[in-house]
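Please keep the sequence and the 3D view open while working through the numbered points.

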Amino acid sequence: MSELESRLKSTIRDVPDFPKPGILFKDITPILADASLMEGVTERFASVWKGRSIDAIVGMESRGFLFGMPLAMRLGIPFVPARKPGKLPYHRVSESYALEYGNATLELHVDALAAGQRALVIDDLIATGGTALATARLVERLGATVAGFGFVIELGFLDGRRALSGYEIDAIVRY
Ligand code: AMP
């Protein structure tokens with residue numbers, strides 16, 4: 001295990017039964033409190049994707065913003081927020097997807113990406129992959145391409161990689 005992985009594993013806080021019984025929630029707020037660890041995460045993503053042609057970072061509301069924005073600044077490229085419904089003021093595209101209970105929707109501004117651009121999608125965690133797949137669909141509806149996905153945490157037992165088969169995925173720590 002790399003030093004970054006072991007630092008992340010000792011920093012991420014497990015909260016049982018949040019937000020509902022049976023879910024072991026991976027709390028990333030202690031990572032945000034550690035500036036050098038945030039730098040390590042950003043550098044790791046940057047080194048994996050550096051030299052590849054990436055035109056923008058797309059991050060999902062809200063924890064994808066926290067890791068996506070510093071990476072976009074590090075790479076010197078735009079950051080695009082994928083937001084929950086009712087938040088984006090301009091014309092939008094929407095994708096709804098199934099969660100464990102009920103449905104969720106994410107939206108992008110129609111001019112967030114230009115046709116042919118390549119986007120790297122960043123979130124804190126991949127569980128079933130539903131959120132990430134909906135984000136890929138939004139990117140593709142704008143005529144752009146998903147260059148890949150970057151996650152700080154992968155819950156391997158939920159098999160999100162299968163939902164995203166065909167896409168390149170980088171996850172820093174895996175449970
Ligand atoms: P999924 O769409 O199933 O891949 O779920 C991913 C989204 O739900 C991410 O945005 C995560 O932040 C959040 N999430 C799902 N499961 C957990 C968990 N056990 N701990 C923390 N966040 C989670």
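How many residues surround the ligand, and which are the closest?

1. The surroundings of the ligand. The model discussed here is a predicted one. In this model, 14 residues surround the ligand, and the closest are Asp 123, Asp 124, Thr 128, Gly 129 and Thr 131.

2. The side chain of Asp 123 has an N or O atom 2.9 Å from an oxygen atom of the ligand. For the side chain of Thr 128, the corresponding distance to an oxygen atom of the ligand is 2.5 Å. Gly 129 takes part through its backbone instead, with an N or O atom that lies 2.7 Å from an oxygen atom of the ligand.

3. Helix α4. This helix covers residues 63-75, that is, 13 residues. From its first C-alpha to its last it reaches 19 Å, which is close to the 18 Å expected at 1.5 Å a residue. Just after α4, Gly 76 has a positive phi of about 70°.

4. The buried face of α4. Which residues of α4 are buried? They are Gly 64, Phe 67, Gly 68, Leu 71 and Ala 72. Because these buried residues fall within an arc of 135° when α4 is seen down its axis, they line one face of the helix. The elements that cover them include the helices α2 and α3, together with the strands β3 (56-60), β4 (79-82), β7 (118-126) and β8 (145-154).

5. A residue of α3. Thr 42 lies in helix α3. Is Thr 42 buried or exposed? Its relative accessible area is 9%, so Thr 42 counts as buried, the limit for that term being under 20%. When neighbours within four places in sequence are left aside, Thr 42 is in contact with Pro 70, Leu 71 and Arg 74. Leu 71 has already been listed among the buried residues of α4.

6. Salt bridges in general. Side chains of opposite charge can pair when their charged atoms come close. A search of the whole structure finds 13 salt bridges; a few of them are described in the next points.

7. Arg 7 and Asp 34. The side chains of these two residues form a salt bridge with an N to O distance of 3.6 Å. The pair links distant parts of the chain, 27 residues apart: Arg 7 belongs to helix α1 (residues 3-11), and Asp 34 to the loop between α2 (29-32) and α3 (35-49). Arg 7 is partly exposed, at a relative accessible area of 27%, and Asp 34 is also partly exposed, at 25%.

8. Glu 95 and Arg 141. The closest N and O atoms of this salt bridge are 3.2 Å apart. Because Glu 95 lies in strand β5 (residues 92-98) and Arg 141 in helix α5 (residues 130-141), the pair ties together parts that are 46 residues apart in sequence. Glu 95 is buried, with a relative accessible area of 14%, whereas Arg 141 is partly exposed, with 46%.

How values were computed. Residues are numbered from 1 along each chain as its sequence is written. This is a predicted model: local features need pLDDT of at least 70, side-chain atom pairs count only at pLDDT 80 or more; totals for chains, interfaces and linings use all residues. Side-chain values use heavy atoms; hydrogens and water are left out. A salt bridge is a side-chain nitrogen of Lys or Arg within 4 Å of a carboxyl oxygen of Asp or Glu. Helices (H or I, at least four residues) and strands (E, at least two) are DSSP runs, numbered from the N terminus. Buried means under 20% relative accessible area, exposed over 50%, partly exposed in between (1.4 Å probe, protein chains only). The expected span of a helix is 1.5 Å times one less than its number of residues. The arc is that of the directions from the helix axis to the C-beta atoms. Contact means heavy atoms within 4.5 Å. A residue is near a molecule or strand if one of its heavy atoms lies within 4 Å of it. A polar contact is a pair of N or O atoms within 3.5 Å; within protein, one must be able to donate a hydrogen and the other to accept it, and residues adjacent in sequence count only if both atoms are side-chain atoms.
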